[in-house]
Amino acid sequence: RGAAAMLHCHVNVRSSEGGGELLCARELLSVFCAWLQFEHVAASLARSWVRRDRWCAPLYATGPEFSFSDKPWAQGGHRPLPPHLLDAPAFLRRAHTLWRGECCALASEEERVQRLFAVTPGRLASLNVEAVLKTGTYEFRRHHATTCGDAARNWCLFCVAFVEAARPGDGACLGRGAEALLDAQSPEQALTRLREAQLLATREGLVALLARVLGEGEARALVEAMAAESCV
């Protein structure tokens, strides 16, 4: 039941105690934007019952559709409280405002990250960015629990490759990743493109993104294996 039926994967993005290169604020936002684009595609790689589960709630580019207290068969009638919960557009609008305002005066990258991620869509989203300030990680919560070692390995590989592929920004839905959002005069044009990109996202597009890190053959095999396991 609940979170016990999920397989969560933490990918290090900001912890100096973990391995790998630390992501800057722009790279963190690029990964978030890319995840929004492929939210529905990633959901199709998990078992059907987990796709709207409240413990890994989907992040819609149009805004939140249900609160944690809603039963699955009653979702859609309420907006979550507090207002920012599961609200990806609100998170990105806030990031835009901060970046063009007080973040410009901050001296260090750590200060910018701290400010940008002080308010997030919450830890129960399919991608938990609240974990950035707690554990220095992005927590991917989308996958169902499994006792299959290959399936668990595939999910971990997918999450790490997704971060590495999306962090430069040029592979994300906004064309230039976080730059297209943060450098815009208004976030609304970028959000409009993001909503369209989420609606039109495909598995082929996801394969193309992952191929930047894994190569086309391995990326395709990974996505196909995950899709097959989700239908077992």
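Biologist: At roughly what angle do the axes of α9 and α10 cross?
Modeller: In this predicted model, the axes of α9 (residues 203-214) and α10 (residues 216-230) cross at roughly 130° and come within 7 Å. That angle makes α9 oblique to α10.

Biologist: Left-handed or right-handed crossing?
Modeller: The crossing of α9 past α10 is right-handed.

Biologist: Which residues of α9 and α10 meet?
Modeller: On the α9 side they are R203, E204, L206, V207, L210, A211 and L214. Their counterparts in α10 are E216, E218, A219, R220, L222, V223 and A227.

Biologist: And how many of those are nonpolar, polar or charged?
Modeller: The contact of α9 with α10 has nine nonpolar and five charged residues, and no polar ones.

Biologist: Switching to the sheet. What is the strand order?
Modeller: The order is β1-β3-β2, in an open sheet of three strands with antiparallel pairing.

Biologist: Which strands stand at the edges?
Modeller: β1 (6-12) and β2 (127-128) do. Each has a single partner strand, so one side of each lacks a neighbour in the sheet.

Biologist: β2 is written as 127-128. How many bridges pair β2 with β3?
Modeller: Two bridges, in the antiparallel sense, join β2 to β3 (residues 137-144). Within that pairing, N128 is opposite E139 of β3.

Biologist: Which helix packs on the sheet, and which strands does it touch?
Modeller: Helix α6 (residues 149-166) packs there, touching β1 and β3. The direction of α6 makes about 35° with that of β1.

Methods:
Residues are numbered from 1 along each chain as its sequence is written. This is a predicted model: local features need pLDDT of at least 70, side-chain atom pairs count only at pLDDT 80 or more; totals for chains, interfaces and linings use all residues. Side-chain values use heavy atoms; hydrogens and water are left out. Axes are lines fitted to C-alpha atoms, for helices over the stretch in contact, and angles run from 0 to 180 degrees between N-to-C directions. Helices (H or I, at least four residues) and strands (E, at least two) are DSSP runs, numbered from the N terminus. Angles under 35 degrees count as roughly parallel, over 145 as roughly antiparallel, 65 to 115 as roughly perpendicular and the rest as oblique. A crossing is left-handed if the near helix is turned anticlockwise from the far one by less than a right angle, and right-handed if clockwise. Contact means heavy atoms within 4.5 Å. Ala, Val, Leu, Ile, Met, Phe, Trp, Tyr, Cys and Pro count as nonpolar, Asp, Glu, Lys and Arg as charged, and the others, Gly among them, as polar. Two strands pair if DSSP finds at least two bridges between them.
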